[in-house]
Amino acid sequence: MWLVFGGLSVVFTMVNLFLDPKKKGCKWITMCALSLPVLTVLAAFSRINTWVAHEDWSALIDVVPYWSGSLTGFCVLMLALNAIAMLKYQTRHDA
């Protein structure tokens, strides 16, 4: 599930970057672009919780150190791209 949310967050962020802010539905796309990275992280934590519940310590040892850095970088990148899109909207709106 985290792969689906992650892929959708990338798609919605790219659409948000290149979409004209005056078009109808732009606010919904922005909301999806900002909320899907959060859902990606929550889905990943749900997966980790499942491993803990099943006491699959080898999966935790193998995956969690890499996921923490990857998910942090992913969220920072998505937030930065969405901030760029919002700044782009602000400059078009002010002009």
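Accessible area here means the area found by the Shrake-Rupley method with a 1.4 Å probe. With that in place, the protein chain in this predicted model exposes about 6,500 Å².

On to the fold. What elements does the protein chain hold? There are three helices and zero strands, and from the N terminus on the order reads α-α-α. The radius of gyration of the protein chain is 16 Å, whereas the globule rule gives 12 Å for 95 residues; 16 Å is well over that, so the chain is more spread out than a compact globule. As for dimensions, the C-alpha trace spans about 55 × 20 × 15 Å along its principal axes.

Next, burial and contacts. Of the 95 residues in the protein chain, 31% count as buried, meaning under 20% relative accessible area. Taking contacts between residues at least 6 apart in sequence, 69% of them join residues at least 24 apart.

Then the charges. How far apart are the mean positions of the positive and negative charges? The protein chain has 7 positive and 5 negative charges, and their mean positions are 23 Å apart.

Last, confidence. The mean pLDDT of the protein chain is 88, and 94% of its residues reach 70 or more. Where is confidence highest, and where lowest? Helix 1, residues 2-18, has the highest value, at 92. Helix 3, residues 57-94, has the lowest, at a mean of 87.

Conventions: Residues numbered from 1 in each chain as written. Predicted model: local features only at pLDDT ≥ 70, side-chain atom pairs only at ≥ 80, totals over all residues. Heavy atoms only, no water. Helix = DSSP H or I, 4+ residues; strand = E, 2+ residues; numbered from the N terminus. Rg over C-alpha atoms; globule rule 2.2 N^0.38 Å. Buried < 20%, exposed > 50% of the residue type's maximum accessible area, 1.4 Å probe, protein only. Contact = heavy atoms within 4.5 Å. Lys, Arg positive; Asp, Glu negative; His and termini not counted. Charge placed at Lys NZ, Arg CZ, Asp CG, Glu CD. pLDDT = per-residue confidence, 0-100.
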